Amino acid sequence: MTMQRYSGLSLVREGLRGHRGWRPAWRKATPAAAYDAVIVGGGGHGLATAYYLARQHNMRRVAVLEKGWIGGGNTGRNTTVVRSNYFYPESVALYDLSLRLFEGLSRELNFNVMLSQRGMLIAAHTPMQMEICARIANAMQLNGVDGSLLSAKEARRRLPLLNNTADARFACMGGIWQGRAGVARHDAVAWGYARAASALGVDIVEGCTVTDLLTEGGAVTGVETSHGTIRADRIGLAAAGATPGLAALAGVRLPIHAYALQAFVSEPVKPILDTVLLYLGTGTYVSQSDKGELVFGGGLDRVPSYGQRGNLPMQETVISGLLEMFPAFAQLKLLRQWAGVVDVVPDSSPVIGPAGPEGLYINCGWGTGGFKAIPAGGWLLAHLMATGAHHEISRPFDLSRFAEGRLIDEAAGSGIAH
Amino acid sequence: MQLFPCPFCGLREETEFHFAAEAGKVRPEPAPGVSDARWAAYLYLNDAPKGVAREIWVHRTCGEFFIMERDTVTREVISSSALPGRAG
């Protein structure tokens with residue numbers, strides 16, 4: 001199927017014709033009996049993997065199997081922040097690859113992912129936190145990405161609604177600024193990759209549950225699914241919280257706990273916040289969507305869970321953190337609250353690499369930060385599946401790091417809240 | 001707010017508790033003979049069961065570790081009991 005290209009001209013033309021000429025963005029495929037590569041999980045990471053397999057590695061016999069619908073898992077449940085303000089060189093290389101791919105993504109996919117690089121502040125409220133911020137900003141600069149230390153005065157100028165009264169519990173002292181950070185439309189990222197992959201011949205199968213991983217002589221040979229047996233000798237898992245259950249089908253145990261991570265949106269209001277803000281003191285982060293809603297979240301629920309709901313204590317923590325930062329937001333009504341199931345590893349860094357039987361590759365462990373990594377996760381998993389070898393950026397994130405003691409501890413390095 | 005049962009204190013609010021580990025892990029011994037892979041498996045690898053899970057929790061207010069069986073989807077608590085050798 002040739003892709004119907006989107007442009008300003010096509011918008012005008014369809015506008016004049018009553019929008020009757022738009023075609024579905026991707027084919028609803030029924031699976032073939034065999035593929036060169038099968039990807040389990042039709043979220044951003046899985047769809048990006050399929051796209052880069054076809055685009056960069058010229059593999060066209062590729063299927064993406066999604067048990068629900070495209071982008072209906074964590075890709076549609078996050079808070080849309082993209083950034084690369086991490087500490088360790090390995091992490092910055094990984095997340096900045098992602099940010100660079102995001103910067104060209106709308107053009108690459110011919111799909112507006114609404115990337116808005118409005119900048120992000122990680123705000124501090126104690127001298128000790130400012131020292132940690134200086135350390136991270138220095139590390140970012142040494143690792144070649146844009147990061148700088150912002151003064152209290154400059155932070156207050158950019159965030160005029162911040163609580164800076166004399167009795168503010170978390171009076172802002174400044175923090176780390178990354179100007180290239182921002183937000184992107186999460187659904188558009190999934191849809192854009194799905195559309196571009198489908199146009200290159202990738203089969204995207206929704207409503208298709210994988211029930212078993214088939215192996216022979218220590219190598220994968222295919223998957224058993226609700227749509228029958230599908231043969232492939234290269235299988236990629238990109239299923240976030242569902243990864244432990246899938247890997248267990250091949251006898252693989254992973255260093256993962258599954259937790260619910262909540263997010264919230266308020267009713268829409270006029271523009272009042274034009275940056276992304278993460279407050280170290282409250283753990284709450286917030287941005288304003290193009291529709292005017294405040295999109296915010298915080299840390300994990302502290303109870304391992306596969307329920308896509310979220311618990312009340314964490315809601316109270318997150319919302320009270322938001323109101324401590326912005327007392328004016330107490331007037332807003334909460335519009336929606338939801339949760340996604342995230343795959344958390346001990347060092348808060350992803351796991352990318354081969355696992356268990358030959359031909360099985362995993363891309364998981366992103367925990368609370370998977371959305372920003374979609375282009376890189378797809379790029380690196382595609383490289384692995386096409387060549388059988390690590391890309392130099394994914395090599396440090398191999399599963400072997402746990403046995404070798406090479407943890408990349410971003411919880412300690414950049415203060416991830418889990 | 002969910003209530004969790006501490007075997008020593010009874011029903012208390014979930015915020016008083018902290019998840020420690022999956023139950024049933026056996027520390028490999030003797031240490032000099034344990035390979036890196038076995039040690040890493042003991043430290044890090046989990047089953048992360050979807051459904052009924054048997055876990056070790058700590059009730060932070062009394063400091064006791066105990067075993068809790070729960071459903072990780074519905075969040076229903078099935079049982080809670082003291083660790084072997086601890087009266088509950």
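Two residues are taken to be in contact if their C-beta atoms, placed from the backbone, lie within 7 Å. On that basis, 21 residues of chain A are in contact with 18 residues of chain B. The model is a predicted one.

- On the side of chain A that touches chain B, the elements that give two or more residues are α8 (243–248), β13 (257–266), β16 (294–304), α9 (312–325) and α11 (401–404) of chain A.
- The residues on this side of chain A comprise 13 nonpolar, five polar and three charged.

**Chain B**

- Chain B contains one helix and six strands, and their order along the sequence is β-β-β-α-β-β-β.
- The C-alpha trace of chain B spans about 45 × 30 × 20 Å along its principal axes.
- Chain B has 88 residues, of which 17% count as buried.
- Among the contacts in chain B with a separation of 6 or more, 45% are between residues 24 or more positions apart.

**Helix packing in chain A**

- Helices α2 (residues 44–57) and α10 (residues 374–387) of chain A pack with their axes 7 Å apart, at an angle of about 55 degrees.
- Because of that angle, α2(A) is oblique to α10(A).
- The crossing in which α2(A) passes α10(A) is right-handed.
- From α2(A), the residues making the contact include His45(A), Tyr51(A), Tyr52(A) and Leu53(A); from α10(A), they include Ile374(A), Trp379(A), Leu381(A) and Met385(A).
- The residues of this helix contact divide into 11 nonpolar, seven polar and no charged.

- Strand β19 (residues 360–364) of chain A is mostly covered, with five of its five residues buried.
- In a regular strand, side chains alternate between the two faces of the sheet.
- Both faces of β19(A) are covered: Leu360(A), Ile362(A) and Cys364(A) are buried on one side, and Tyr361(A) and Asn363(A) are buried on the other.
- Strand β12 (residues 235–237) of chain A runs parallel to β19(A) and is joined to it by three bridges; Gly236(A) stands opposite Tyr361(A).
- Strand β18 (residues 351–354) of chain A pairs with β19(A) in the antiparallel sense over four bridges, and Pro354(A) has Tyr361(A) as its bridge partner.
- The hairpin of β18(A) and β19(A) has five residues between the strands, and Gly356(A) in this hairpin takes a positive phi near 65 degrees.

Methods. Residues numbered from 1 in each chain as written. Chains lettered and ligands numbered in written order. Predicted model: local features only at pLDDT ≥ 70, side-chain atom pairs only at ≥ 80, totals over all residues. Axes fitted to C-alpha atoms, helices over the stretch in contact; angles between N-to-C directions. Parallel < 35°, antiparallel > 145°, perpendicular 65-115°, else oblique. Left-handed = near helix turned anticlockwise from the far one by under 90°. Nonpolar A, V, L, I, M, F, W, Y, C, P; charged D, E, K, R; others polar. Buried ≥ 20, exposed ≤ 12 C-beta atoms within 10 Å, placed from the backbone. Pairing = 2+ DSSP bridges.
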